[in-house]
Amino acid sequence: MSATLLEVRNLHTVFHAEKGAFAAVNDVSFSVGRGEILGLVGESGSGKSVTGLSIMGLIDPPGEIVAGEILFKGEDLRRKSASEMRLLRGDRIAMIFQDPLMTLNPVLRIGEQMTEAITEHAAIHRAEALRRAAEALAQVGIPSPEARLRGYPHELSGGMRQRVAIAIAMLNKPDLIIADEPTTALDVTIQAQILYEMQRLVRASGTSMIWITHDLGVIAGLADRVAVMYAGRIVETGTVDEILDSPRHPYTQGLLRSVPSANRPGDRLAQIEGMSPSLAARPPGCAFHPRCPRALDICRHDDPAPTAVDSRRSWRCHNPAPAGVAVPA
Amino acid sequence: MSEAATAALIELSAVRKRFERRPDVAERLLALAGRPIERRVVRAVDGVDLAIHRGEVVGLVGESGCGKSTLGRMAAGILAPTAGEIRYRGRAVTNLPPPDRMSYVLGVQMIFQDPYASLNPRHPVRRIVGEALHVHRLAPSREIPERVDRALEEVGLDRSYRSRYPHQFSGGQRQRIGIARALAVEPEMLVCDEPVAALDVSIQAQIINLFMDLRERRGLTYLFISHDLGLVRHISDRVAIMYLGRIVEMSPAAELFASPNHPYTQALLAEIPSVGRRRRTFRPIQGEIPSPLNPPSGCAFHPRCPHAMPLCRTEAPPLAAIAPGRISACHLNDAT
Amino acid sequence: MSTRIDSSTLGMMDTPLRAAMLKRIRSRPTAIGAGAALAVMVALALFAPLLAPQNPYDLTGLSIMNNRLEPGSVGMNGVTYWLGTDAQGRDMLSAILYGLRISLVVGLLATAGAAAIGITVGLLAGYVGGLVETLLMRLVDFFLGFPTLLVALVLLAMIGRGVDKVVLAIVLVQWANYARLVRGSVLVERRKEYVEAAQNLGFSRARIMLIHILPNCLGPMLVFATIQVATTIALEATLSFLGVGVPVTEPSLGLLIANGFEHLLSGEYWISFYPGVALLILIFSINLVGDRLRESLDPRRRA
């Protein structure tokens, strides 16, 4: 069994608008190993969510995947038919969203939704499916699981709903879970609980995970490896220590420096100037150059290709920051 | 009335806010027939004393349902307390004569959380920022366009944006417009209710810096409400932690983060993910955040507190001084 | 499944809302067709006195000798009756043009009146709340509880015939719909932070209601009102058909249809048919335009 579970190569996903096609994901390549947690970091407009949806095959018009390969256990997901993808989804690859109500149907009982997720992919009696569902709820720390199965999503708090969504994702013991900002809308103490549950489950079952977020603190605590996205491209990848202790791309550095804990209390925060570009108005050359403190002339017209140290450590920059300069913690 | 140089700009005393769902006609009829009416009361703010001094930044931290947003709105004069008193510049804000009342309402301005809902989608920017100047005649009509332009510049927006509509701006820009709207009436204090929570990380830093610049330039006072402890630590002089409608701890910022006293504060600090902590094992405290509809008895935190004693279930601990300038509400402090 | 792609991501920052909306309306052939048809009918109604070959209300110009002539036939006085004549010898074409006028006037006036009252009540109920809201909404419920046609019939039977009375009756049976709709919108808008911001700036309740909240409630209201014009016209036609609407001297399309009813079976179809067709086209085009309006105002499509 190969150690690489998922390999994305040169993925291009565009959205068709009246003025033309805009690339939300613009030549993105990365891999996720078995049992590994990859943090996909970026802000709005970076393409991180669209990347997750592309892997799941959930891109609908006006969006379209126009190029690239998504190799899951060696097979290209793009070549699969819609019904094949439907079999995979929820079984081998599962997704968790920021709003648990995107996973949970508000008008169906929780038990129904969970048993449906099970019976869709295996011929199992309803009674057995219910038993597994109750067990899954208990595993994510939901008290009185049997009672919860009879209830509806709106009877639960936001944190509880997210736990149910996680339980559903884990039901069929998938190989890969894609989590798109699942804790962003939750309170600090509840977020900690969810992170704890996810970490525990993933460690116990060896599931791989892609955790999509803009929160570097969560990535630091949870991820093994990190990929940083900007304007539809991956601008830097590496292990979590490499990225956080020795960021090479100026955007990664800028993000790390602008976090309050990286600045002395009371000082002006080190900020990145300007705003993320809109998909339609992508600057020529390197998309980050208008905001980059290290921009050179070449950056204005030449979009940098990845500089790879090895297959798992790379960055796209003509003028990367010096190595080993830790951002003050 | 204190004559000290650091007199409180705004002072909340024993302030409470209750939300009660009034029984509707059907329930009233049933009551006549003998069925008792269920009163659903939410004690959003349950007895808060808070004095904010001129020029100071007070951070207010808590999770959903703790009442921090409600408290902020009372301070800004948008909501009236059900009990207790608010004093602005030493005078109770209820029963103020109209010009002084207006001076208070305009003097404490709120910056809202949702950049998409806090601007009227049908108004152009110049109206959003300048309307108050027209309506309250705060400046002669011919000067108002200039005042609007200056407010826009002060928050880092181009003058040409004055004719645009909110939907044409990004979240960060909309927040700036909201700040310009507040600044146009020359307030003394800003109540910021999670002003950057809905923004991207790189934009958050820009807005925080804007707040800090404004503080220096205009000598503004802030009540900064946020769930983001890292942010609050960075910007605040003093920090208050709220839980289920009450302040459970209050301290100068540095001391609070160096040695948190209340178990809830300790849990909050322990649980914030931070960049320095790699591949950690999360060890959260158990339990759900209680609903203000159904608060626990005694100390509201006791069901989740790792140090709970039998006393905590029956008696709510009062806020007591644990060190000069520091207060905390925990029975553990009584022991010593 | 779509991610949130908003105006900033798509770079549509420079398109004002109204222009984007109009562009969407213009891009559909059905909307253009319906809009054109409607425009033609409004023009015909407006210029009826100039266009109509004959004034159908002028009894002196009628000759009983010209009655029930087929479409296209030439009358005793040499005038060509393109759509035929009715039992009194009135030119159908002229009658239809004037009938269009009445129909449109009633439709627009009644809708405007009902909207004005409904919006006021809805705004007050939604924003002021409390006892005011309870009382007003109970009133609305009361008015909505009766079948429209029945109430209008009874009302007109009591107050008599006439264009103004028809308008009044229709306003009375329709205002409650607007009130309910607007109150719903107001309840939604009231919670939004821009309203709190307006309160924080010390604006009066009246100002907040009229200048801040009302413009945001007009969207769905506009669509509703447009379609209500069609409903109103149909209602007026029904009432006139039943004999309680406009007086015989100022026939609307409905009354014209009624007048020709008894002649249908004897083969003189045109006396009812052409007014019916005119009514149909009018209502249909209004509905189509209203539909397109609703689609283009859908907030999910909004840039």
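# A guided tour of chains A, B and C

Begin by selecting A:Tyr251 and A:Phe288: both are buried, where buried means under 20% relative accessible area, exposed over 50%, and partly exposed in between (1.4 Å probe, protein chains only). Before moving on, know that this is a predicted model, in which local features need pLDDT of at least 70 and side-chain atom pairs count only at pLDDT 80 or more, while totals for chains, interfaces and linings use all residues. Residues are numbered from 1 along each chain as its sequence is written, chains are lettered from A and ligands numbered from 1 in the order in which they are written, and side-chain values use heavy atoms, with hydrogens and water left out.

## Stop 1: aromatic rings in chain A

Rings of Phe, Tyr and Trp (its six-membered ring) pair if their centres lie within 6.5 Å; planes under 30 degrees apart count as stacked, over 60 as edge-to-face and the rest as tilted. A:Tyr230 and A:Tyr251 make a tilted pair, with 4.6 Å from centre to centre and 55° between the planes. A:Tyr230 lies in strand 9 (residues 225-230) of chain A and A:Tyr251 in helix 10 of chain A, so this pair ties together parts 21 residues apart in sequence. Helices (H or I, at least four residues) and strands (E, at least two) are DSSP runs, numbered from the N terminus.

Now look from A:Tyr251 to A:Phe288: this aromatic pair is edge-to-face, at 5.4 Å centre to centre and 65° between the planes.

## Stop 2: a salt bridge inside chain A

Select A:Asp175 and A:Arg92. Their side chains meet in a salt bridge (3.2 Å, N to O), that is, a side-chain nitrogen of Lys or Arg within 4 Å of a carboxyl oxygen of Asp or Glu. The two residues sit 83 residues apart, A:Asp175 in the loop between helix 6 and strand 7 (176-180) of chain A, and A:Arg92 in the loop between helix 2 (82-88) and strand 6 (93-96) of chain A. Are they buried or exposed? Both A:Asp175 and A:Arg92 are buried.

For another salt bridge, pick A:Asp297 and A:Arg300 (2.9 Å, N to O). Here A:Asp297 counts as exposed because its relative accessibility is 54%, and A:Arg300 counts as partly exposed at 44%.

## Stop 3: where chain A meets chain B

Show both chains. The contact (heavy atoms within 4.5 Å) takes 47 residues from chain A and 38 residues from chain B. How many salt bridges does the rule find across this interface? It finds 1. Select A:Arg268 and B:Asp213 to see their side chains meet in a salt bridge (2.8 Å, N to O). Next, colour helix 7 of chain A, which gives 10 residues, the largest share of the side of chain A that touches chain B.

## Stop 4: a network in chain B

Select B:Glu146, B:Asp149, B:Arg150, B:Glu153, B:Arg159 and B:Arg162, which salt bridges link in a network.

## Stop 5: a glycine in chain C

Finish at C:Gly118, in helix 4 (residues 92-128) of chain C. C:Gly118 is buried, because its relative accessible area is 0%. Leaving aside neighbours within four places in sequence, C:Gly118 is in contact with C:Trp175, C:Tyr178 and C:Ala179.
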